[in-house]
Amino acid sequence: MSESKTPVIVAQGVTKTYEDNGVPVEAVKGIDLTIMPGEFTAIVGPSGSGKTTFLNIISGLDTVTGGRVSLDGKPLSEMTGRELSDFRRDSIGFIFQAYNLIPVLSVEENVEYVMLLQGIAKSVRRDRVKEILARVGLADYAHRLPTKLSGGQQQRVAVARAMVAQPSLVLADEPTANLDSKTGGELLDMMRDLNRTTGMTFVFSTHDEMIMERATRLITLRDGKVASDEARA
Amino acid sequence: MGVMIFVKLAWRNILRNKRRTLIAGTAIGIGLAAMIYMDAIMIGMENNMVATATSTFLGDGQIGREGFRKTFEAELTINNVDEVVKDLAKEPLVDKFTKRVLGLGMISSPANVSGVSVIGIDPATEPDLSKVDEAMIMGSYFEGDDSRQILIGRKLAELLEVELGDRIVVTVAEAHTGDLSQEMFRVSGIYYFNVAEMDQRMAFVRLDKAQAMMGLTGQAHQIALKLHDNSIARVPGHDLWMRYSVNGNEAVGWTTLLPQLDKIFNLSKFGILILGVLLFAIVSLGIINTLFMSLYERMFEFGVIRALGTTPFAMGRLVIFEAGVLGLISQIMGCLLAAVTLAILSYVGIDYGGIEFAGVTIVDRLYPEWQVHQFVIYPAAVLLFTMVIALYPAIYAAKLTPARAMRKSF
Amino acid sequence: MLTFKVALRNVFRQKRRTLLTVLTMLGGFCLASISLGMSDGTYNRIIDMFTRNQLGHIQIHGQGYLDRPSLYNTVTDFEVVGESLDSIPQVIAWAPRVFAAGLGSVGEKTTAVRLIGVDPERETATTRLDKKLVEGRLLDSRQPYTTVLGKGLAEVLKAGLGDTLVVVSQGADGSIANDAYEIIGLLETGDAINDQSAVYLSLEDAHDLLVLYGRVHEIAVVIEDIDEVVELSGQMNSTLAARDLDVAPWQEFAATFYTAMQADRKGNWIMLGIIVTIVSVGVLNTVLMTVLERTREYGVLRAIGVRPFQVMRLVVYEVGVMATMAMIIGGLLGSGINYWLSFYGIPFPEPMTYGGIEFTHYHAELTPGSIFIPAITVFLSAMLVSLFPAAKAAKISPAKAMRSN
């Protein structure tokens with residue numbers, strides 16, 4: 001990880017206040033952060049520390065109240081809604097805690113969705129889907145509907161979908177929270193493996209110790225600010 | 001290519017919640033069916049009334065002297081009637097025609113006196129134009145050549161207290177002199193149309209007898225026409241009417257003879273349109289409700305879809321597509337409902353039993369008529385309407401940021 | 001009471017949904033209300049026109065006359081009958097009439113005419129005959145051998161004031177009736193067909209011509225409240241039964257119109273049915289979705305000890321609140337619109353003639369029915385339809401509910 005590489009994420013003085021049922025909530029009170037390519041970073045903190053909000057901001061899912069965010073050198077805070085959409089489509093993969101998949105589309109259709117948005121040719125799409133499903137061990141489940149999959153399987157499809165369009169960054173918000181420890185562990189091993197072999201950057205928001213164990217960098221948030229930032233083996 | 005996935009999504013999303021789709025679809029469907037049904041009944045009524053009016057006695061059109069229709073003055077006979085008849089015989093647009101003489105007069109029996117329209121008809125050609133021969137219930141329709149034969153309606157017969165074979169006296173005024181001409185006739189036939197005007201205030205005699213009584217030998221007041229294509233009757237400016245409206249004569253279609261009928265139809269069409277619009281105003285509220293509800297249920301999912309890179313525009317379009325699918329299903333339901341109801345009714349008919357409306361009595365059963373435009377234009381309009389209303393929820397969905405969407409679901 | 005309070009607050013909590021639901025019910029209400037108001041208004045106007053202006057509310061004839069009008073079927077001693085009519089408080093006025101068919105000529109022009117013998121003062125009091133005069137003056141019982149013609153007839157005969165009309169008819173004794181009258185006036189009743197053949201004579205002249213002394217064919221009666229017409233006719237029938245007379249309300253002597261009107265009214269009910277169905281479906285949709293969405297909330301309620309029936313009642317009350325709101329706003333709006341329309345009306349694209357009378361506008365009328373019928377039907381149907389989702393809500397098991405979503 002040399003200094004000449006472009007950082008994946010640069011956050012400068014980011015603040016965010018939103019309204020919850022009419023009550024204003026200051027979720028993020030000033031964060032400066034840089035994330036480099038290839039990291040397997042976990043952002044931890046108690047409920048209400050601003051983890052999810054911060055993750056939403058650096059991925060373009062939400063807007064900042066103050067400060068600036070750039071992704072791959074491009075300033076997110078100045079993009080229009082449309083530009084943000086396109087950006088997310090091309091550069092970021094998402095994995096949520098639950099309900100990741102579009103329930104009316106099959107596994108295969110879910111995985112290829114982003115590529116459809118990108119306008120990639122059918123044959124190329126199909127090949128990549130097959131390849132990535134094999135990678136995550138779900139090649140036989142291509143035509144299943146999400147409701148017929150177990151929690152762990154659904155999350156694996158989410159990983160496949162997050163990676164298939166070869167984004168710069170994969171953001172995972174509590175991906176293992178709904179899984180038992182064995183399944184969760186397997187999922188994380190798979191993701192760590194992908195990180196090592198492809199060099200794809202992973203950023204997690206989590207309380208889960210299993211993630212913290214595997215992370216190369218641990219950032220702790222408290223009350224909307226960075227409390228600590230340590231590198232790990 | 002990127003659009004197809006959204007069509008697919010829209011389709012599957014609507015079918016996902018079958019009960020809701022069914023309920024909403026039913027509401028829209030009923031509204032549509034109601035419109036189709038009313039339209040069909042209107043057409044059926046129109047056809048029925050027009051057919052009754054024209055085929056019972058009026059004809060598709062008439063030629064007469066200008067001004068005769070207004071005053072019924074005996075002197076106003078058709079100019080150059082023989083030439084007109086010759087032309088009509090060669091006229092390709094005219095199927096059949098017949099001459100008539102009309103006089104307003106009195107008819108009396110020992111028991112009573114009544115005002116009457118005495119109509120002289122040509123027994124040979126009249127049956128082509130009117131249904132007097134078919135309406136006979138007693139006696140016969142001008143057999144032989146007895147000039148003292150007269151046909152009256154059942155109601156008139158009752159009024160005069162006469163039966164077949166009885167004597168009655170008819171008094172009319174002679175043309176030009178105004179002298180009264182009185183003749184005795186024998187009731188040779190009694191008819192029944194179930195139309196008050198005809199059953200009570202008309203009497204038919206032979207054309208030559210009427211001409212003689214009124215001093216109008218060789219003349220006629222009216223030539224009734226039956227056309228090959230009766231839609232011409234609805235076009236007052238048509239060439240046919242123009243050509244025969246010369247020399248002081250006028251040729252007109254039934255729409256001019258019965259302006260009331262035409263007006264009523266236009267009025268009803270207008271009324272149905274307004275009703276349709278109002279009905280759909282109500283239905284549209286249900287549509288918006290349904291769409292919003294299905295949005296709220298899937299907030300997190302919408303957030304995910306947006307996170308993946310779907311543009312706000314594509315999001316709004318998805319909602320509109322869903323409205324389109326819902327609309328499509330509703331149209332099919334509505335059309336089916338309408339088709340079934342109409343199929344039954346156009347077979348069985350509706351009995352209006354002799355109700356008089358705008359001067360015409362509805363005699364036969366009414367058969368609603370289905371036409372292509374009902375099943376194509378109305379559904380298309382409703383479908384379009386549904387998708388336009390969906391703009392409200394669509395814009396709402398498009399404007400949401402993904403994060404807000406995901407927050408809203410908790 | 002607590003349930004009601006909770007219901008009230010719940011309704012205002014979710015503004016958009018409440019608004020849409022209330023609008024649905026409101027829309028249905030207003031549509032129904034205006035339809036009924038227009039229908040009632042239009043018909044009532046037509047009825048008023050032809051009864052008050054021409055035919056009267058009630059007509060008295062000899063038995064069987066309505067079915068078979070005959071010169072010889074008369075009301076004898078009509079003055080006596082008139083006296084008994086005068087003693088009835090609801091009767092405003094009555095007018096005797098004599099009818100006969102004949103031929104009338106002015107100069108060389110001859111046409112069929114309808115002779116109508118009237119008492120000019122009584123006729124004016126009953127059907128406002130004086131207002132229909134367009135030229136000249138009305139008949140005067142002191143001036144014999146005068147006549148007033150319908151304007152259309154004058155045109156046909158090319159006659160004007162001062163001309164002589166010669167009438168030929170048949171007397172009640174079988175003789176030829178023949179006399180001449182001076183035309184002193186022209187009138188227009190609004191019924192074109194009538195005006196094209198009507199010859200009005202004074203009652204005395206008609207009696208002379210037709211040899212019908214003391215007898216008339218018809219007595220037209222106008223009463224104060226048209227809604228009492230059937231009841232009054234029944235009363236009169238019993239008092240006059242001995243005289244072999246037939247008292248008919250307008251529904252009988254204008255039977256063709258009445259049947260047509262009834263048929264059209266039936267159509268109104270069908271329309272109401274359709275509107276109610278659509279509204280019900282809309283309400284069902286909303287309430288069902290609300291219930292499904294709040295499954296967790298109902299589960300919590302049941303967990304803390306609320307009984308199924310009380311949950312059901314909560315749902316029904318919520319619909320009740322919305323329905324009541326819709327009814328109140330609808331009642332005001334509907335009344336306002338009907339009232340406005342009763343004055344201004346909606347113009348026809350072209351004037352229309354119905355039963356001989358010309359109409360230029362559709363008018364509504366603010367009748368109690370036009371407010372209460374929609375109110376009751378929409379309210380009841382909304383409440384009824386809410387029972388299904390309410391029952392669903394009552395059946396929610398607490399544990400299952402809290403696990404969902």
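A residue is buried if 20 or more other C-beta atoms lie within 10 Å of its own, and exposed if 12 or fewer do. Asn17(B) counts as partly exposed because it has 18 C-beta neighbours inside 10 Å. Along the chain, Asn17(B) and Ser294(B) are 277 residues apart, yet their C-alpha atoms are separated by 8.8 Å.

Confidence comes next. The model as a whole scores ipTM 0.81 and pTM 0.73. For chain C, the mean pLDDT is 85, and 96% of the residues reach 70 or more. Where pLDDT is low, the predicted coordinates should not be read in detail.

Now take chain A. It contains seven helices and ten strands. Its radius of gyration is 17 Å, close to the 17 Å that the globule rule gives for 233 residues, so chain A is as compact as a globular protein of that length. The box filled by the C-alpha atoms of chain A, taken along the principal axes, is roughly 45 × 45 × 40 Å. Of the 233 residues, 43% count as buried. Among the contacts in chain A with a separation of 6 or more, 70% come from residues 24 or more positions apart.

One part of chain A is an open sheet of four strands, in the order β2-β1-β4-β5, with antiparallel pairing. At its edges are β2 (23-35) and β5 (74-75) of chain A, each of which pairs on one side only. Strand β1(A), residues 9-20, is joined to β2(A) by ten bridges, and the two run antiparallel. Within this part of the sheet, Val14(A) stands opposite Ile31(A), a residue of β2(A). Helix α1(A), residues 51-58, lies across β1, β2 and β4 (66-71) of chain A, and runs at about 120° to β1(A).

The loop between β4 and β5 of chain A holds Asp72(A). Most residues other than glycine have a negative phi. Asp72(A) is not a glycine, but its phi is positive, at about 55°. Asp72(A) is partly exposed, because 18 other C-beta atoms lie within 10 Å. Glu161(B) is found in the loop between α6 and β6 of chain B. With 13 C-beta neighbours inside 10 Å, Glu161(B) counts as partly exposed.

Chain C has 14 helices and 14 strands. A compact globule of 405 residues would have a radius of gyration near 22 Å, but the value for chain C is 31 Å. Along the principal axes, the C-alpha atoms of chain C fill a box of roughly 100 × 50 × 30 Å. Buried residues make up 46% of the chain. Of the contacts in chain C with a separation of 6 or more, 80% are between residues 24 or more positions apart.

The remaining topic is how the chains meet. Chain A and chain C do not touch, and their nearest C-alpha atoms are 11 Å apart. Two pairs of chains touch, and the pair with the most contacts is chains B and C.

Where chain B meets chain A, 20 residues of chain B are in contact with 21 residues of chain A. On the chain B side, α1 (2-16), α12 (299-307) and α16 (402-408) of chain B each give two or more residues. The most come from α1(B), which gives six. By class, this side of chain B has eleven nonpolar, six polar and three charged residues.

The contact between chains B and C takes 50 residues from chain B and 49 residues from chain C. Elements of chain B that each supply at least two residues include α2 (18-58), β2 (94-108), β3 (113-121) and α11 (259-297). The largest share, 18 residues, comes from α11(B). The side of chain B that touches chain C has 28 nonpolar, 17 polar and five charged residues.

Definitions and conventions. Residues numbered from 1 in each chain as written. Chains lettered and ligands numbered in written order. Predicted model: local features only at pLDDT ≥ 70, side-chain atom pairs only at ≥ 80, totals over all residues. Rg over C-alpha atoms; globule rule 2.2 N^0.38 Å. Contact = placed C-beta atoms within 7 Å. Nonpolar A, V, L, I, M, F, W, Y, C, P; charged D, E, K, R; others polar. pLDDT = per-residue confidence, 0-100. Pairing = 2+ DSSP bridges. Axes fitted to C-alpha atoms, helices over the stretch in contact; angles between N-to-C directions.
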